[in-house]
Amino acid sequence: RAGFGAAGQNCMGAERFFVHATLVDEFCKSVTSVANSMRQGPPLGGSVDIGAMCMPGETQRIHALVTDAVARGAKLLAGGVLPS
């Protein structure tokens, strides 16, 4: 959960993980489970785990990075859809 802190918008946000090849599947399942269990919403709403991105343009920039990664062969395991 720590990598999701402040919606990933801090200098300590996790960007890369180095995982031994024998642990990749287990690691991906674990991270996907955590990501899918997180409740998103207004941070003052009380029962949420992660708020919205607050930096202008970050949503589009990150969506472009995800789209590019998928186009290059990455497998999307959670999220990836912009809210309307």
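I looked up the secondary structure first: the chain comes to 2 helices and 0 strands, taken as DSSP runs numbered from the N terminus (helices H or I, at least four residues; strands E, at least two). I note that this is a predicted model, in which local features need pLDDT of at least 70 and side-chain atom pairs count only at pLDDT 80 or more, while totals for chains, interfaces and linings use all residues. Residues are numbered from 1 along each chain as its sequence is written, and side-chain values use heavy atoms, with hydrogens and water left out.

I then checked helix α2. Its 14 residues (58–71) should span 20 Å at 1.5 Å a residue, and the end C-alpha atoms are 20 Å apart, which agrees; the expected span is 1.5 Å times one less than the number of residues. G73 follows α2 and has a positive phi, near 115°.

I searched for aromatic pairs and found 1. The ring centres of F17 and F27 are 5.3 Å apart and the planes stand at 55°, so the pair is tilted (centres within 6.5 Å; under 30 degrees stacked, over 60 edge-to-face, the rest tilted). F17 lies in the segment before α1 (24–37) and F27 in helix α1, so the pair ties together parts 10 residues apart in sequence.

F17 is exposed, at 53% relative accessible area, whereas F27 is partly exposed, at 28% (buried under 20%, exposed over 50%, partly exposed in between; 1.4 Å probe, protein chains only). Of the chain's 84 residues, 6% count as buried.

Conventions: Rings of Phe, Tyr and Trp (its six-membered ring) pair if their centres lie within 6.5 Å; planes under 30 degrees apart count as stacked, over 60 as edge-to-face and the rest as tilted.
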